[in-house]
Amino acid sequence: MQSSYHQVYASWKSDPEAFWRDASRAIVWFKEPQQIFSPSQGAYGRWFADGETNTCYNCLDRHVLAGRGTETAIIFDSAMSGAKARFSYEEALAEVQAIAATFQAFGIGKGDRVIIYMPMVPEAIFSMLACARIGAIHSVVFGGFAANELAARIDDSGAKLVVTASCGLEPGRVVAYKPLVDQAIAAAKSKPAHCLVLQRPQLTAELVPGRDHAFQEAVALHHGRSIPCVAVKAIDPLYILYTSGTTGQPKGVVRDNGGHMVALHWSMANIYAMKPGEVFWAASDIGWVVGHSYIVYAPLLAGVATVIFEGKPVGTPDAGAFWRVICEYDVRVLFTAPTAFRAIRREDADGEFVRHYSKPHFRALFLAGERADPETLKWAEKMLKVPVIDHWWQTETGWPIAANPLGLGELPVKHGSASVPVPGYEIQVLDDAGHQVPPGTLGNIVAKLPLPPGCLPTLWEADERFRSAYLEEFPGYYKTADAGYVDDDGYLFIMSRTDDIINCAGHRLSTGAMEEVCAKHPDVAECAVVGIADPLKGQVPCGFLVLKKNVTRAKATIEAEVVKLIRDQIGPVAAFKTAVVVERLPKTRSGKILRGTMQKIADGEPWKMPATIDDPAILHEITDALRSKGFGSLPM
Ligand code: COA
Ligand code: AMP
């Protein structure tokens with residue numbers, strides 16, 4: 001099929017409001033928007049400001065009313081416990097209504113915040129949709145975060161209710177969630193009044209009388225209830241999703257209802273080429289934006305069945321897990337992070353598992369979350385013999401900024417490129433002074449304002465932080481904080497972040513936040529955390545510690561304590577396993593830590609002595625310290 005991408009992109013560019021008005025017709029509105037774009041509202045304008053709707057209605061009720069109630073909406077498969085279940089739209093709707101009634105019984109209503117800290121189980125998705133149904137705002141927290149991170153999110157959102165489970169299941173261990181919730185609530189300044197705990201068969205959590213309630217029992221009281229969808233404004237928040245910023249204080253990305261639905265619905269057909277009734281699988285976690293958009297909302301909005309998978313690409317039980325799921329449920333399109341494919345390739349280089357499972361209808365693999373390295377991409381193409389599409393997006397945008405839009409007809413693939421800007425985004429590459437750079441030149445990637453529907457309008461109760469973090473540096477543009485270049489054909493190459501965020505196993509982590517935690521260790525005077533290359537996870541953090549004078553304890557003990565501190569304070573997801581005590585940190589004469597050079601040394605890449613360095617001997621000390629840990633390189 002000849003690609004219509006260029007025509008569609010041109011039609012968007014010539015009249016964005018007409019383009020999004022057309023797209024908005026795919027959504028059921030309780031009050032149809034007359035204003036498509038309101039430039040004077042919000043930090044850069046708002047989409048569909050006078051429209052009213054409900055996201056849960058569009059995900060479930062509308063399909064039931066259209067006669068599709070008995071079709072499969074949600075497929076649950078736990079490679080950890082062996083549990084499997086299917087829910088039709090009707091069944092999902094009944095579950096969601098009972099949970100919505102339970103939330104209401106706990107005093108939750110429109111605009112109230114609910115924290116969802118749960119593993120990959122259907123009740124997590126039902127709880128998200130139940131919030132949407134009654135106009136409450138959910139904030140899902142990834143299970144791999146520690147109590148401290150959970151407390152920060154409880155406080156920032158001012159949540160009245162926490163929905164959790166007794167445990168998550170990780171290979172080789174049962175992760176007790178409830179003690180983490182208890183610690184987080186104890187640490188939080190703003191205390192949620194209630195906590196609903198899903199008791200899983202693998203572990204029973206203790207409940208605090210009065211505050212905690214067993215999820216199953218509480219919800220059972222409301223089975224069979226009919227709870228109407230509350231009309232919300234298109235611009236009312238649907239959820240807050242916290243993501244790493246440059247400090248320990250995470251950024252609360254706000255997503256609205258109307259624009260979000262319009263953008264996601266458009267993307268399902270035009271980017272992912274999905275049709276109602278087919279099965280789509282985003283192998284991610286609902287704690288991340290990919291999970292919000294493409295496990296939960298986009299497939300259900302489009303009437304596409306979605307898979308909730310509790311497991312890993314390898315080890316649960318083997319590197320065939322993904323192909324088993326695709327084969328068993330006739331998955332048409334898979335979306336995951338390149339790190340998952342690196343893990344599979346490492347264990348199944350010759351593709352024996354890939355061939356073992358038949359997947360005649362499997363159409364495409366989409367990769368995002370980190371740069372898809374060309375070797376992994378080529379391996380996936382060779383093994384799967386379907387288009388393998390690297391596409392680029394962020395928690396902030398909620399849907400792809402650049403992609404090869406399969407639904408519009410595939411464009412030629414260029415390995416290493418996230419393809420072309422999606423209609424809605426005008427992307428430019430600027431130098432630090434804000435001037436556009438020629439094709440092929442590396443620079444700051446920015447999106448011309450306004451951002452399209454679906455993107456964040458602001459940060460939760462932090463309009464000023466939103467402006468200063470994203471809009472100030474390049475007036476008239478949204479700063480993506482990614483660096484890269486555009487080639488002569490308009491293909492985008494996303495190369496690195498321009499801030500201190502690193503990408504570890506497709507997870508976004510702030511080295512600044514890790515430095516704040518390292519600095520809390522009583523023996524640490526100064527520290528720096530950099531991301532170093534890792535063949536599986538892309539990058540992993542490595543901490544450099546300078547000890548206070550007169551500290552005589554063994555360096556190895558302090559290093560191990562700092563590793564534990566990060567696990568306890570940020571969580572296992574930080575994958576912080578390496579800390580190195582050094583005498584001093586390399587700095588410029590003006591006092592800036594030379595993180596880039598330290599990273600190159602650790603990666604074993606050639607590096608040059610920076611002209612501005614205060615004392616060149618320090619880099620040799622760092623090199624020696626790293627070599628004692630098994631990595632590091634010598635200067636050119
Ligand atoms: N609850 C509690 N702990 C969790 C968790 C959860 N929901 N998810 C991860 N963890 C823990 C893991 O058990 C691990 O702990 P460990 O240090 O004791 O081993 C740690 O957090 C790091 O987890 P993870 O990043 O998943 O690494 P891994 O080594 O277990 O697995 C991959 C590596 C590549 C297989 C895995 O990261 C993966 O499947 N990635 C897919 C990418 C993805 O989902 N990206 C999201 C955006 S698309
Ligand atoms: P997150 O907000 O967790 O989705 O992470 C967003 C960041 O991940 C982006 O700013 C990029 O740095 C990185 N990223 C996501 N997708 C890609 C991609 N396809 N290529 C390169 N980097 C990517």
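Mentor: Happy to. The domain assignment of the protein chain gives domain 1 (5-101 + 112-202 + 231-311 + 391-484) and domain 2 (501-628). Keep in mind that this is a predicted model.

Trainee: Good to know. What separates the centres of domain 1 and domain 2, in Å?

Mentor: Taken over C-alpha atoms, the two centres are 33 Å apart.

Trainee: And how many residues of each are in contact?

Mentor: On the domain 1 side there are 17 residues, and they are in contact with 16 residues of domain 2.

Trainee: Let's go to ligand 1. Which residues around ligand 1 come nearest?

Mentor: There are 23 residues around ligand 1, and those that come nearest are Glu170, Arg173, Lys312, Arg567 and Lys577.

Trainee: Which domains does that shell draw on?

Mentor: Domain 1 and domain 2 each supply at least three residues to the shell around ligand 1. By type, the shell divides into 11 nonpolar, six polar and six charged residues.

Trainee: What about polar atoms at ligand 1?

Mentor: Take the lysines to begin with. A side-chain N or O atom of Lys312 is 2.9 Å from an oxygen atom of ligand 1, and a polar side-chain atom of Lys537 lies 3.0 Å from an oxygen atom of ligand 1. Gly143 uses its backbone: an N or O atom there lies 3.3 Å from a nitrogen atom of ligand 1.

Trainee: How much of ligand 1 does the protein bury?

Mentor: The protein buries 84% of the 930 Å² that ligand 1 exposes when taken alone.

Trainee: Okay, switching to ligand 2. Which residues come nearest there?

Mentor: His391, Thr395, Asp482, Arg497 and Arg508, out of 15 residues around ligand 2. That shell has four nonpolar, five polar and six charged residues.

Trainee: Last topic, then. Which residues in the largest nonpolar core touch the most other members?

Mentor: Trp20, Tyr294, Tyr297 and Trp399, in a core of 124 residues. Another core lies apart from it, with 43 residues, among them Val530, Leu545, Val581 and Met598.

Definitions and conventions: Residues numbered from 1 in each chain as written. Chains lettered and ligands numbered in written order. Predicted model: local features only at pLDDT ≥ 70, side-chain atom pairs only at ≥ 80, totals over all residues. Heavy atoms only, no water. Near = heavy atom within 4 Å. Polar contact = N/O pair within 3.5 Å; in protein donor to acceptor, adjacent residues only side chain to side chain. Areas by Shrake-Rupley, 256 points an atom, 1.4 Å probe, with all protein chains shown as cover. Nonpolar A, V, L, I, M, F, W, Y, C, P; charged D, E, K, R; others polar. Domains from an automatic or database assignment. Core = buried A, V, L, I, M, F, W, Y, C linked by side-chain atoms within 4.5 Å. Buried < 20%, exposed > 50% of the residue type's maximum accessible area, 1.4 Å probe, protein only. Contact = heavy atoms within 4.5 Å.
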